[in-house]
Amino acid sequence: MPSSPTLEGTCKLLPEPAPSDALLAAAADEYAALAADHGPRNVLVLKRHPAGLASLTEALADAPLERADGPRSPRVESLPEHASKTIEAYDPTLDRLEYEERIELISLVIDGASRSVPDYLERAADHEGFSRDVGQFLLEATRQRIRLANLDDPHDCLAFLYAMNDRFHDELAARGYVERADVIPRAVDLLEADADGLRSRVTAAFDAVLAIEFEEYRRLDRHYLAALSADADLVCLGERHASVERTRVEPGRVADIATEAGLEVESLEPPRPNADGPPHRAITRFLATGEVPGSAESEPVGRARRLRTETAREQVRAVATEIQSLRDRHGWPFDEFAVAVPRIERVPETRRRLREAGVPTATIGTPSLAEDPAVNELYAVVTCQCERERDGDALERADADPVDPDRDRPDSLTTSLDRLRARVPAFSPDLLAETAGSSVRRSLERWIRRTDLKGRIAREEAWVDAREGYEGVRRVLEIAAFVEETDLVGPDWQGLRRMLRRTIQYDAPYVHSVETRPPTGGVTVCAVGDLKYDSRRAVFLLDLTDETYPGEQFLTQLFPGAWLRSMPSYPAVTDPSVDAIADTFATVDADGVGDRFETYHAQRSRRRLALGARAAERALYLCSYERGSGGLRRTHDESRYLQLIDATRGLALESVDATAGAAIHGETDAVEALLSQPRGELERLLREASTGGEADLGETETLFEEIAVVLDDGDIDTELAEAVRSQFEFAAGEVVRNE
């Protein structure tokens, strides 16, 4: 396959990451032009990544069309989704390997490896996250179609991993599977070979292709686009200085890549300056392009808000307070706020803490199975059924002998029984016998119905958690169905337990699906990259420490950074030249490049920050916190990019008061402030007394009288009143209630 495909058409580029509304408007204009020439039903819109697909579809649906001979709903798909449908058009019987199935199959391939495992990988296998890191490596190798036979003298560890990946795909082919990472490479082969007339059948459905987010199209993506658009009118829309994912694996500017592919490159006019535009526009431009506002600029000076706290926990609480404050001042609904974290793994914890602070959240996805109470309940059922199947009296003996040497194991029989008793009303071992049958899937379905698991989820959980709880139950049932169909494991409780245990162990949170705008509303919590084609009135970018932006560990934790620099066969950019770095990033001075590897990927991090910043329509918050640096010392190690903004002429950061004395917003903050006042006031008096100072008791008496009046008010919640009275007793040393 040639290194670069040949494309015929036009590539239109915005000069920089524009505000989201301007970006979507540009896409709508290009769509309207193609629809005018070919009709809406004959225009296929392909976006490289699924994130932001809903916002793009909505913008295109609102585009003014000259011709009304087609449906108003545009044909918009992500490129992986379209490639998947292309494969299905060729062979409807071909099975796509699900995430859980992939984990099991690849583990069997690794367990049966005849090639000796390198010492480093054998030692690294004991470290947390090793399996996930290996899985990500293999996925990337598959996406780029890297085969061991095509490499010259790879590192021993890479040679072993590539060999495992080759053997894994041989197993897939033998079983008639295709994994998701292999969908685009497989579709490229089929289209270029026009297997069974596939290309003619697929391309007959459209006359024009609009390729959105072209700056992120990788080499194989461009091959797929070339095969699709050979007989169609092709228009590619991209942004300069905006590629984060493509530049992970191939350097270069989008204009150069488009020209090399044969596209005619056109520059779109930048959006006109708008006095009502985002005040941080100049900050976004500075992060993406390095451009510093000049004194003659007609735009307002770039301004954003800086929020600093002592801990990561306080950071989220301060964000919750500021969200409540903005709602009080502007009346913005919760779904006009977004909280962006550096990595998707930070979503569950951040979302939980926001909700604990009284802020509803709307992000729906699939969290890690290990963190799902409903999944843990079903795993306990599977464990107990395994023991029943092995020994019919095992449950009775476990009840009779509470001393279990394996009690500390999370999947022991005793632990499983304790979990079921805690979660299921009126649980008894007889319930397990009554729901067991020859089919593990139908047995689990009987358990779900008999114990009203879904009803319990709905009653006990917030609606977001309930949605995710249902998704976790669905995944367990799908695993059970797969166990009954595959020959990888036995179609029984033991086989299900093995596969479910391995899936829970290797599963990563939110790798499956994330919905950021569900109909019921709430604050969006997502990875910063998911905001690229989305926008909110206020955006909070969390964790702006130098440890995160740009960070210290690039690409993977599987190998030390020093090794990556000398691994040209690794499926990412590891040894960029100075010229390549300067060509890829306008923010780099070629004369100032030190460590080329670190500089290259640090600039990708800076660009990611710029794309997150541009998603804010009205207010941008840059949030950071102190971190420990050994012993009791703590440092406020702000991101170097945040410091750079602060030191740049024409850019300003306005500090947000995140201290305890800041204004109180929201019911949760008000309750916490009320509970803290009695003890805090008495501690103040004790400090004054111990240091020989004078304290104004009149102020204290006035405060306590006001609290007493509130407590005597009949409208106050009795539990809250009792909690406040308890604070007085704790402050006075009466730790134990004598009632």
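Biologist: Which residue is the bridge partner of cysteine 11 in E8?

Modeller: Strands (E, at least two residues) and helices (H or I, at least four) are DSSP runs, numbered from the N terminus. Two strands pair if DSSP finds at least two bridges between them. Here valine 265 in E8 is the bridge partner of cysteine 11. E1 pairs with E8 (residues 264-267) in the parallel sense, over four bridges. This is a predicted model, where local features need pLDDT of at least 70, side-chain atom pairs count only at pLDDT 80 or more, and totals for chains, interfaces and linings use all residues. Residues are numbered from 1 along each chain as its sequence is written, and side-chain values use heavy atoms, with hydrogens and water left out.

Biologist: Over how many bridges do E1 and E7 pair?

Modeller: Five, in the parallel sense, with E7 spanning residues 233-239. Glutamate 239 in E7 is the bridge partner of leucine 14.

Biologist: Why is E1 described as largely enclosed by the rest of the structure?

Modeller: Buried means under 20% relative accessible area, exposed over 50%, and partly exposed in between (1.4 Å probe, protein chains only). Five of the five residues of E1 (residues 10-14) are buried, so E1 is largely enclosed. Thr10, Lys12 and Leu14 point one way, Cys11 and Leu13 the other.

Biologist: Is glutamate 16 buried or exposed?

Modeller: Glutamate 16 counts as buried because its relative accessibility is 10%. Glutamate 16 lies in the loop between E1 and helix H1 (20-38). Contact means heavy atoms within 4.5 Å. Beyond its neighbours within four places in sequence, glutamate 16 is in contact with residues including Glu239 and Arg285.
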